Amino acid sequence: MLSTGKVIRFDEFKGYGFVAPDEGGEDVFIHVNDLDFDKRLLAPGVRVEYVAVEGDRGLKATQVQIIDGPASTALVTRHKPDVPFHNVPANEHHQLEDVICDVLSEADFTAELTDALLTANGSLTATQILDIRSAMLRVAHDHKWIEN
């Protein structure tokens with residue numbers, strides 16, 4: 001039976017958390033293995049739809065889908081999640097679709113950016129990396145890609 005509820009806790013490092021069912025009753029266990037989306041999208045306040053099944057230790061959510069995200073998720077516009085916008089022919093730019101993505105903390109964004117820069121070009125100097133990061137952080141803040 002399809003149920004809905006609100007995530008009350010989810011630890012992305014441990015890979016599990018709990019959902020409070022809208023209809024009341026005991027909290028439902030939710031595990032990362034039952035997600036078909038990025039676990040970082042689950043946070044307290046996210047509303048989900050799921051099928052509750054009896055597990056070894058009580059109710060467990062399966063077939064989990066997000067139906068409404070918290071303020072920490074943002075709706076961004078791109079052509080297709082797997083096709084960079086700059087690779088989309090100009091005559092197809094009007095065929096945009098909405099996808100949900102997570103908004104990173106400044107520390108997470110900086111760490112991922114640094115890793116990407118080092119992987120892309122191992123000959124960048126520390127000064128060049130700091131300059132690029134600074135410019136990218138300004139862009140990310142302007143577009144609200146990272147939390148303030």
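Predicted model: local features only at pLDDT ≥ 70, side-chain atom pairs only at ≥ 80, totals over all residues.
Local features were taken only where pLDDT is at least 70 and side-chain atom pairs only at pLDDT 80 or more, whereas totals for chains, interfaces and linings use all residues. Residues are numbered from 1 along each chain as its sequence is written, and side-chain values use heavy atoms, with hydrogens and water left out.

Strands E4 and E5 pair in the antiparallel sense over 8 bridges. Glutamate 49 has glutamine 65, in E5, as its bridge partner.

The structure contains 4 salt bridges, each defined as a side-chain nitrogen of Lys or Arg within 4 Å of a carboxyl oxygen of Asp or Glu. One of them joins aspartate 22 to arginine 47, with the closest N and O atoms 2.8 Å apart. This pair links distant parts of the chain, 25 residues apart: aspartate 22 belongs to the loop between strand E2 (16–21) and strand E3 (28–31), and arginine 47 to strand E4 (residues 47–55). Aspartate 22 is partly exposed at 44% relative accessibility, and arginine 47 is also partly exposed, at 24%; the class lies between buried (under 20% relative accessible area) and exposed (over 50%), for a 1.4 Å probe and protein chains only.

A further salt bridge is formed by lysine 60 and aspartate 34, whose closest N and O atoms are 3.4 Å apart. Here strand E5 (residues 58–68), which holds lysine 60, is linked to the loop between E3 and E4, which holds aspartate 34, across 26 residues. Lysine 60 is partly exposed at 28% relative accessibility, whereas aspartate 34 is buried at 17%.

Arginine 40 forms a salt bridge with glutamate 112, with a closest N to O separation of 3.6 Å. Because arginine 40 lies in the loop between E3 and E4 and glutamate 112 in helix H1 (residues 106–120), the pair ties together parts 72 residues apart in sequence. Both residues are partly exposed, arginine 40 at 35% and glutamate 112 at 43%. Through shared partners, salt bridges join Asp38, Arg40 and Glu112 into one network.

Definitions and conventions: Helix = DSSP H or I, 4+ residues; strand = E, 2+ residues; numbered from the N terminus. Pairing = 2+ DSSP bridges.
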